[in-house]
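I opened my notebook to look up a few things in this model.

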Amino acid sequence: MARRKETDESNESKELLEAIGERVRMLRKAAGLNQTQLAESVGLHQGYIHLVEAGNQNITVAVLNRFAIKFNTPIGSFFPEVQLQEASDEALTHLVSVVEKLAEALQARGRRDTQLVEEIETLVSSVRRRLEKKPKKANGVTKEG
C-alpha cells in the first residue's frame with residue numbers, strides 16, 4: 001500500500017513539474033527568448049532550463065522566484081490551479097464584455113423598434129385621417145353629404 005502511495009505522489013509531482021515547465025516555456029516564448037537567453041538572464045545554465053521546461057528538473061522556490069521576477073508574474077501563476085483560476089477569470093471577463101455589447105445592441109434595437117412603432121402609428125393616423133375625409137362610395141357611386 002505504501003508503494004502505491006509513493007507512485008501516486010511521484011506521478012503528481014511529475015505532472016506538477018511538467019505544468020511548471022510548460023508555463024516557463026510559454027512565458028519564455030512570449031518574451032521572445034530562447035533557452036540560452038533565458039538562462040543567462042536568470043543566472044542558470046541552458047541545460048537546466050531545458051530540463052525545467054521538459055518537466056525533468058525539480059525546481060527550487062528560489063529559481064521559481066527568479067522566473068517570476070524575469071517574467072513579471074506572480075510566483076503562484078506557475079502552478080496549475082492558479083493558472084486555471086486566471087483562465088477562468090479571463091473567460092468570465094470576456095463573457096462580461098460580450099454580454100455588455102449584447103445589452104448595448106439590444107438597447108439600440110429597442111430604440112429603433114420604438115422609433116419604428118412611432119413611425120407606424122404616425123402612418124396609420126395619417127391614413128385614418130385621409131380615409132375619414134374621403135366621401136364614402138356605395139355601389140361604385142360616390143355619396144356626397
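**Salt bridges.** I began with salt bridges, and the structure holds five of them. I counted a side-chain nitrogen of Lys or Arg within 4 Å of a carboxyl oxygen of Asp or Glu. The model is predicted, so I noted the limits: local features need pLDDT of at least 70, side-chain atom pairs count only at pLDDT 80 or more, and totals for chains, interfaces and linings use all residues. Residue numbers start from 1 along each chain as its sequence is written, and side-chain values use heavy atoms, with hydrogens and water left out.

**Helix α1.** I looked up E18 and K14 next. Their side chains meet in a salt bridge, 3.6 Å from N to O. Both residues lie in helix α1, four residues apart, which is about one turn of the helix. I took helices (H or I, at least four residues) and strands (E, at least two) as DSSP runs, numbered from the N terminus. E18 has 37% relative accessibility and counts as partly exposed. K14 is also partly exposed, at 31%. My cut-offs were these: buried is under 20% relative accessible area, exposed is over 50%, and partly exposed is in between, with a 1.4 Å probe and protein chains only.

Then I checked E22. It forms a salt bridge with R25, with the closest N and O atoms 2.5 Å apart. E22 is partly exposed at 43%, and R25 is partly exposed at 22%.

**Helix α5.** I moved on to R109, which forms a salt bridge with D113. The closest N and O atoms are 3.6 Å apart. How far apart are R109 and D113 in helix α5? They are four residues apart, so about one helical turn separates them. D113 counts as partly exposed, at 35% relative accessibility. I also found a network: salt bridges that share partners join E22, R25, R28 and E53.

**Overall layout.** I listed five helices and two strands. From the N terminus on, the order is α-α-α-α-α-β-β. The protein has 145 residues, and 19% of them count as buried. I looked at contacts too (heavy atoms within 4.5 Å). Of those with a separation of 6 or more, 52% are between residues 24 or more positions apart.

**The core.** Which residues have the most contacts inside the largest nonpolar core? They are L38, I59, F67 and F78, in a core of 19 residues. Helices α1 (2-30), α2 (35-42), α3 (46-53) and α4 (61-70) each supply at least two residues of this core. I used this rule for a core: buried Ala, Val, Leu, Ile, Met, Phe, Trp, Tyr and Cys residues joined through side-chain atoms within 4.5 Å. In soluble globular proteins, nonpolar side chains tend to be buried together.

**The surface.** The protein exposes about 11300 Å², and carbon and sulfur atoms supply 54% of it. I noted the Shrake-Rupley method with a 1.4 Å probe for these areas; for residues, only the protein chains shown count as cover.

**A loop residue.** Last, I looked up N72. It is found in the loop between α4 and α5 (80-133). Most residues other than glycine have a negative phi. N72 is exposed, with a relative accessible area of 73%.
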